[in-house]
Amino acid sequence: MIERKRGQPSLIFLMKSHNKGIVVLALLFLIYAAGVSARYASFVLRGHSYHDLFSVESAQHARHAKMVAQGIPIPRYETHIQYPDGYDTRLDTIVEEHLAGWAYRWLPLQHIPFDTFLHYFVPMLFCIGIFGVYGIAKEISKSTFGGLYAAAFYAIGMASIENSMGDTFVREQWAIPVLTFQLWFMARAFEHGKWWDYGIAGILYCIALSSWRVMNFFTFVLFSFFALAYLLNYYRREA
């Protein structure tokens, strides 16, 4: 049995005890709640209302998500977006729309307007990435506290809050959380070499790639990094 040293902070003692996993999970959920609450507060402080309708790009995504929630198939050519020829919806990704629409249909929330639901849904969805960020930082730093610090920064950093407070409904609000888990499993694969980590990382990468066009640029950066790392390792062996 681990005994607490005199003057040792309670949190440090709990982190070293046999209940470490439970404590870390509780702290992560606390950070998640803080992140969601910070986005709700920022949404209101910016003068937005939960009864506001979405505009510009978000209006298109919200319209398609609402169609999914109502069980209406998204048309191939959307004349409400581009008239008279219609906008080819195959040119855009609709993963996030289906996710939000299904969530609204499956959860007992039909008593609230769909746009109001989306305002609340976006911060909760984006903050799921807190758990992925914790995993990445923990694998890199080999420190539980390092992972918690990174998760807290992701949760309450202004750059993170700015585009996920619920006033918009755009692709990266779903793709970025998926990407954090992909990078976590990729880091695990490099560290432990387990085939299932490589498999899960690949599946998550495909999901992120199909959810956000900017992932094409990320793919270029990622493969450039791999090529550079290979070359540096090759010339280091030759030297």
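Biologist: Why is Lys142 called exposed?

Modeller: Lys142 has a relative accessible area of 52%. Exposed means over 50%, buried under 20% and partly exposed in between, with a 1.4 Å probe and protein chains only, so Lys142 counts as exposed. This is a predicted model, in which local features need pLDDT of at least 70, side-chain atom pairs count only at pLDDT 80 or more, and totals for chains, interfaces and linings use all residues. Residues are numbered from 1 along each chain as its sequence is written, and side-chain values use heavy atoms, without hydrogens and water.

Biologist: What makes Lys142 and Glu191 a salt bridge?

Modeller: The closest N and O atoms of Lys142 and Glu191 are 3.1 Å apart. A salt bridge is a side-chain nitrogen of Lys or Arg within 4 Å of a carboxyl oxygen of Asp or Glu, so the pair qualifies. Lys142 lies in the loop between α6 (129-141) and α7 (144-156), and Glu191 in helix α9, 49 residues apart. Helices are DSSP runs of H or I with at least four residues, numbered from the N terminus.

Biologist: Why is Glu191 called partly exposed?

Modeller: Its relative accessibility is 44%, so Glu191 falls in the middle class.

Biologist: How do you know that Arg171 and Glu97 are buried?

Modeller: Arg171 has 5% relative accessibility and Glu97 has 0%, so both count as buried. Their side chains meet in a salt bridge at 2.7 Å, N to O.

Biologist: How many salt bridges does the rule give?

Modeller: The count is 4.

Methods: Helices (H or I, at least four residues) and strands (E, at least two) are DSSP runs, numbered from the N terminus.
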